[in-house]
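Here is a short note on the ligand site and the pockets. Please read the points with the model open.

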Amino acid sequence: MLTKHKIVFLGDQGVGKTSLITRFMYNTFDTHYAATIGIDFLSKTMYLDDQTIRLQLWDTAGQERFRSLIPSYIRDSMVAMIVYDITSKGSFDDIPRWCDYVRTERGDDVIMVLVGNKSDLPGRVVSTEEGEKLAKELNFNLFMETSSKNGYGVKNLFKKVAKLLPTVQ
Ligand code: GTP
Ligand code: MG
């Protein structure tokens with residue numbers, strides 16, 4: 001049976017949403033920053049035990065000027081993946097705001113995932129414990145740290161997300 005699941009990626013500009021998706025989809029990484037304009041869509045089939053899952057990934061733009069596009073994609077998505085950069089306190093401090101955005105559109109009927117990206121970088125300003133604590137406070141279903149650059153945690157992140165999906169055992 002083929003089931004489709006929509007995942008929306010949210011978070012401040014430059015935290016690595018597109019890079020995370022690119023690592024998962026193609027297992028590549030680009031150091032060059034190309035800001036997402038509007039919304040990008042990608043889809044990927046995952047095989048999990050005997051199930052085939054079709055993930056529809058909605059990659060939003062962190063730039064303020066595209067903010068008005070986002071709510072309708074949140075409304076449509078079963079999973080909200082909120083990303084921050086572990087070397088950017090500002091991106092971490094904005095997490096409650098992103099969380100409110102999602103709750104406003106979907107209430108509790110959503111799987112919330114918090115991702116601390118860029119774990120390969122030496123200039124960490126947000127500890128793993130702080131990430132875990134915030135995820136608990138804001139009722140996220142899952143918290144993970146990742147690096148789109150070296151791939152750390154990325155496969156595991158998507159596998160864990162897939163296992164949280166309602167029709168997947
Ligand atoms: P917007 O589309 O503007 O919202 O940004 P984004 O969240 O999609 O960020 P993007 O994936 O474009 O990455 C921004 C910059 O950070 C790029 O230069 C990436 O190469 C870099 N980057 C992303 N992920 C990582 C990571 O895990 N480690 C390191 N070192 N750099 C990263
Ligand atoms: Mg992007």
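1. In the counts below, Ala, Val, Leu, Ile, Met, Phe, Trp, Tyr, Cys and Pro are taken as nonpolar, Asp, Glu, Lys and Arg as charged, and the others, Gly among them, as polar. The shell around ligand 1 then holds 6 nonpolar, 12 polar and 6 charged residues. Note that the model is predicted.

2. There are 24 residues around ligand 1, and those that come nearest are Lys17, Ser19, Tyr33, Gly62 and Asp120. Helix α1 (residues 17-26) gives the most to this shell, with 3 residues.

3. Backbone N or O atoms lie 2.7 Å away in Gly62 and 2.8 Å away in Ser148.

4. Ligand 1 takes up the space of the largest pocket, whose volume is about 570 Å³. Its lining counts 28 residues, with Gly16, Ser19, Asp30, His32 and Tyr33 nearest the centre. Two or more lining residues come from each of α1 and β3 (51-60); α1 gives the most, with 4. By class, the lining has 7 nonpolar, 15 polar and 6 charged residues.

5. The second largest pocket has a volume of about 180 Å³. Its lining includes Arg23, Phe24, Lys44 and Lys159. Here α1, β2 (39-48) and α6 (154-164) each give two or more residues, and α6 gives the most, with 3. This lining divides into 3 nonpolar, 2 polar and 4 charged residues.

How values were computed. Residues are numbered from 1 along each chain as its sequence is written. Chains are lettered from A and ligands numbered from 1 in the order in which they are written. This is a predicted model: local features need pLDDT of at least 70, side-chain atom pairs count only at pLDDT 80 or more; totals for chains, interfaces and linings use all residues. Side-chain values use heavy atoms; hydrogens and water are left out. A residue is near a molecule or strand if one of its heavy atoms lies within 4 Å of it. A polar contact is a pair of N or O atoms within 3.5 Å; within protein, one must be able to donate a hydrogen and the other to accept it, and residues adjacent in sequence count only if both atoms are side-chain atoms. On a 1 Å grid over the protein atoms alone, a cavity is a set of points where a 1.4 Å probe fits but cannot get out, and a pocket is an open set with protein on both sides within 12 Å along at least five of seven lines; lining residues have an atom within 4 Å of a point. A molecule sits in a cavity or pocket if more than half of its atoms lie within 2 Å of its grid points. Grid points are joined across faces, edges and corners, and a volume is the space filled by probe spheres set on the points.
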